[in-house]
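Subject: Structure handover

Hello,

Here is the structure for your work. My notes on it follow below.

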Amino acid sequence: MLSLIAVSLVIAQPPTTANQPIAYVGARILTAAGQVYDDGTLVIQGSKIVGVGKSDIITVPAGATKIDVILTLPPAGPEGKSEFHVNGAPFWKAKPFLARLGETQIWTVRNESKFAHPFHLHGFFFLPLDDKLEPIHPMAWKDTLNVPVEGTIRFLVVFDERPGMWMFHCHILDHADGGLMGHVHVGPM
Ligand SMILES: [Cu+2]
């Protein structure tokens with residue numbers, strides 16, 4: 001018998017046919033025998049659990065591209081208007097970030113402003129990493145992660161199979177409107 005005590009699941013291998021087993025990773029699984037699997041793999045077929053185990057599916061590749069992002073709120077200009085900057089520019093003046101289709105990137109997002117910014121990326125879940133660039137356990141895939149005041153977050157993202165212009169922005173919409181927004185161009189470079 002199995003019970004799940006904290007669940008944050010992603011599909012590791014999408015099924016290609018109906019009724020094929022689906023593997024999920026990221027679960028915290030407690031078995032009746034008292035074993036705990038953090039970052040476990042759970043395999044489900046139809047409505048049945050057919051497998052459970054420790055997962056090592058997610059590793060941080062050594063060759064991942066490093067992307068640095070700095071969020072700032074410079075002093076207001078002469079007209080008294082403030083704007084948030086991403087790497088020195090508000091979104092209406094910014095160039096897109098670039099990613100090759102299939103590329104794995106590690107983003108380091110530093111917040112040098114006096115406001116917290118829940119950082120949200122469209123289209124791709126990302127895996128929070130610690131300051132040694134190892135996954136934070138228990139692993140969980142996120143679409144939003146708070147960047148505290150004067151804090152830094154790091155995450156792994158795989159721009160796997162959806163070319164196009166993908167937006168990221170602060171989830172406080174006043175901040176997004178004020179400049180804290182940007183695009184990732186995923187495709188041929
Ligand atoms: Cu914000």
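Please keep in mind that this is a predicted model.

Sheets

Strand E14 (residues 164-170) has strand E15 (residues 181-186) as an antiparallel partner, and six bridges hold the pair together. As background, strands of a sheet pair through backbone hydrogen bonds, in either a parallel or an antiparallel sense.

Five strands make up an open sheet, in the order E7-E6-E9-E13-E11, and its pairing is mixed. Its edges are strand E7 (85-86) and strand E11 (126-129), each of which pairs on one side only. Inside this order, strand E6 (residues 65-72) runs parallel to strand E9 (residues 104-111), with seven bridges between the two.

Nonpolar core

The largest nonpolar core counts 26 residues, and Phe155 and Val157 have the most contacts inside it. Two or more residues each are supplied by E9, E10, E11, strand E13 (152-158), E14 and E15. E13 gives the largest share, with four residues.

Which residues does Val157 touch, leaving aside those up to four places away in sequence? They are Gln105, Trp107, Leu121, Phe124 and Phe126.

The loop between E10 and E11

His122 sits in the loop between E10 and E11. Is His122 buried, exposed or partly exposed? His122 has 14 other C-beta atoms within 10 Å. A residue needs 20 or more to be buried and 12 or fewer to be exposed, so His122 is classed as partly exposed.

His122 touches Trp166, Met167 and Phe168, again not counting residues up to four places away in sequence. For a distance to check in your viewer, His122 and Met165 are separated by 43 residues in sequence, while their C-alpha atoms are 9.5 Å apart in space.

That is what I have on this model.

Regards

How values were computed:
Residues are numbered from 1 along each chain as its sequence is written. This is a predicted model: local features need pLDDT of at least 70, side-chain atom pairs count only at pLDDT 80 or more; totals for chains, interfaces and linings use all residues. Two strands pair if DSSP finds at least two bridges between them. A nonpolar core is a set of buried Ala, Val, Leu, Ile, Met, Phe, Trp, Tyr and Cys residues joined through C-beta atoms within 7 Å. Two residues are in contact if their C-beta atoms, placed from the backbone, lie within 7 Å.
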